[in-house]
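Welcome, and take a moment to look over the sequence and the 3D view.

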Amino acid sequence: MRITSTSCICPVLVCLCFVQRCYGAAHHGSIKVTRNQTKLVEGETEVHHRPKRGWVWNQFFVLEEHMGPDPQYVGKLHSNSDKGDGSVKYILTGEGAGTIFIIDDTTGDIHSTKSLDREQKTHYVLHAQAIDRRTNKPLEPESEFIIKVQDINDNAPKFTDGPYIVTVPEMSEMGTSVLQVTATDADDPTYGNSARVVYSILQGQPYFSVDPKTGVIRTALHNMDREAREHYSVVIQAKDMAGQVGGLSGSTTVNITLTDVNDNPPRFPQKHYQLYVPESAQVGSAVGKIKANDADTGSNADMKYTIINGDGSGVFSISTDKETREGILSLKKPLNYEKKKSYTLNIEGANTHLDFRFSHLGPFKDVTMLKVIVGDVDEPPLFTMPSYVMEVYENAKIGTTVGTVTAQDPDTASSLVRYFIDHNTEEDAYFAIDASTGTIKTAKIFDREETPWYNITVAASEIDDPGQVSHVPVGVRILDVNDNPPELAREYDVVVCEDAKPGQVIQTITATDKDNAANGARFYFSLDEELSLNPNFTLRDNEDNTASILTRRRKYSRTAQDIYYLPVLISDGGVPPLSSSSTLTIRVCGCERDGRVRTCHAEAFLSSAGLSTGALIAILLCVVILLAIVVLFITLRRSKKEPLIISEEDVRENVVTYDDEGGGEEDTEAFDITALRNPSAAEELKYRRDVRPEVKPMPRHHLSSSLDSIDVQEFIKQRLVEADLDPSVPPYDSLQTYAYEGHRSEAGSISSLDSATTHSDQDYNYLGDWGPEFKKLAELYGEIESERTT
């Protein structure tokens, strides 16, 4: 099969097609493929023959962007088996087959039905085959071929990064590189000049130029001045076809800004300036501004102002405002029109960032002269001192002179001055001032120990113009007089051991004085001379503002006397000297051999045991509560008329219980109350209580007469005192009962003899809430109640 193409449409292209086809035939080879028609004869072995190439073909070319009304002819397929009778059918498969490329299946002509774009797809791979139309069997093997899209100049160069913004320093050398621009062309760079770009400048001359091949933009003039022109707009064009006629072009804009360099020195607009400043201007305040102009910007325009000479360099100072680049003139010292009416200053303004490349343009600084005129104003009175310190003794009488302040009117008129005290604080009320002379006097009596210093403010105003007022602080120190006697520095707890020896130091005491050191630097200690010589203790002045208390005898006894009192006289060294008397309390205590206190009395013992006051109070409260509980318990038991202890398991062996109830008040045999009715006879007749006494009953009238003659209440008190004072018998071992009811009770009998038969309604369940100490008692009463219920 042969393939022919008629895609060459111009003489040049015809030559190219011819060369390409010859080159293709020489290098790609003419491929002639034929089917192997050899058949095997029966009995012969298979012989491999080299297949015969039946078609010859080459690459096809098709122009892009074809705009004709008819499909573009691409080429022709032809098979050696085609005899022209239409028996051969050509089939085209692959990329674009049937959609972009169509084939005449009889003639083998290939056409392109669509306009192609090389920039989207450069070539197409297809497959061709010739088959028998009748049998649909392939006449030759399928073969592959390529249709290439031939480029035309249909894409203009483009600047993908434009527009550009770039800077270059002013005053740069000619030829300084500014920026390199690059344009891209989508056409085939390997075919013709469609993608060969050339650069040119359309706008921006004569200031800038561009390299035609590289696209590098450079300065074209010397010393381009930013102050003359700062911004430039340069238009660069890129044209393909090497810039020939008919080539496509694209352009971009490059915005170039000249950056500043320090090529302009500062200059004052004037060589002489004049400034008016009133004499009332405050020290440290700004009184004027001055500025030198600089055509540069940024740090290149930064400058510093200084006062280089002049008679006002010590009165004024100048600083630089970094934002406005102005010189701020400030006042260093107060102005006085009456002393000096004007000042002259020479002010220099110089750049702080220099560029030595431009030093030939002159010194980057400038000098101007400033004349300051001082203005006269009506000033308030001026005190002779900025502050005053005065002194006065405490306890001074009201009206005592403290000191004098003086103020004068600094103006030429020299008006008279009136003085007064601003009574803004409580301290101002302690003083008064003479309005004409400025003499300060006391208005109250002072106590240095209460307030040692006073601060007041004195004002002075002009009589002619009261609005002109000035103030001055006055400090008044209150001087000390010896008006406070010395006293002991603290309360001393002096202890002497029972086995102390004569001359032993038991305490060292010190004193204090509210007066200052001048009136109380030295204290003197002594015993009161008006009292008789103390045989127990003495005092020794250590002459260092301390004194020692010494013993004068051997052995002290707490039982004989546990507390001693020692009056001590203390005097100071002031004028006049003052003294006071204090009494030391000395306790006698038992001590260990090493001198440590063992015990003094009950309080000291508890203190030595480590018990605090709170602990002592808690212990006492517990004791009181226990006593109250016992009394309540006994009262309840007596109100129920039951024996206090009914359990036979009680461990106290000397308490005996009996089961006989007795016969009431009429029964005089079961219980002998003779001992109660006749205390004197009770000491002689002591009967056993477990047997019946062999005594005849006493008539009732005789008993009544005996009761009248015996004081039973006195007897009970006597027995109570004996029981309380007996230290050898605990209270529960001496339980005694008495049945004395008194005389003529209107409430009737309160005897407990018949209480055993009376049922009590008392509920003893509350005993269980009293804690573990009353657990046994609660169990006993619980058993009694349960027995009664049963």
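What follows is a walk through disulfides, nonpolar cores and a sheet.

## Before we start

Please keep in mind that this is a predicted model. Every value in the tour was computed from that model.

## Two disulfides

Let's begin with the cysteines, where the structure holds 2 disulfides. One of them joins C497 and C591, with the sulfur atoms 2.0 Å apart. Because C497 lies in strand 33 (residues 494-497) and C591 in strand 39 (residues 579-591), this pair ties together parts that are 94 residues apart in sequence. The torsion about its S-S bond is -85°, and the link of C497 and C591 is left-handed. Both C497 and C591 are buried.

The other disulfide is made by C589 and C600, whose sulfur atoms sit 1.5 Å apart. Here C589 belongs to strand 39, while C600 is in the loop between strand 40 (597-599) and helix 3 (602-608), so the pair ties together parts that are 11 residues apart in sequence. The torsion about the S-S bond of C589 and C600 is about 100°, so this disulfide is right-handed.

## How hidden are these cysteines?

Is C589 buried or exposed? Its relative accessibility is 0%, so C589 counts as buried. C600 has 6% relative accessibility and therefore counts as buried. For another cysteine, C622, the value is 47%, so C622 counts as partly exposed.

## Nonpolar cores

Now look for the largest nonpolar core, which has 24 residues. Those with the most contacts inside this core are F383, V405, F431, I440, V458 and V474. Several strands give two or more residues to the core: strand 24 (388-393), strand 27 (417-421), strand 28 (431-433), strand 30 (453-462) and strand 31 (469-479).

Leaving aside residues up to four places away in sequence, V458 touches F383, V405, F420, I421, I433, I440, S470, H471, V472 and V474. Apart from this core lies another, of 22 residues, among them L488, Y492, F537 and I549.

Our last stop is an open sheet of 4 strands, in the order 32-34-37-36 and with antiparallel pairing. Which strands form its edges? They are strand 32 (487-488) and strand 36 (537-541), each pairing on one side only.

Strand 32 is joined by 2 bridges to strand 34 (residues 505-512), and the two run antiparallel.

Methods: Residues are numbered from 1 along each chain as its sequence is written. This is a predicted model: local features need pLDDT of at least 70, side-chain atom pairs count only at pLDDT 80 or more; totals for chains, interfaces and linings use all residues. Side-chain values use heavy atoms; hydrogens and water are left out. A disulfide is a pair of cysteine sulfur atoms within 2.5 Å. Buried means under 20% relative accessible area, exposed over 50%, partly exposed in between (1.4 Å probe, protein chains only). A nonpolar core is a set of buried Ala, Val, Leu, Ile, Met, Phe, Trp, Tyr and Cys residues joined through side-chain atoms within 4.5 Å. Contact means heavy atoms within 4.5 Å. Two strands pair if DSSP finds at least two bridges between them.
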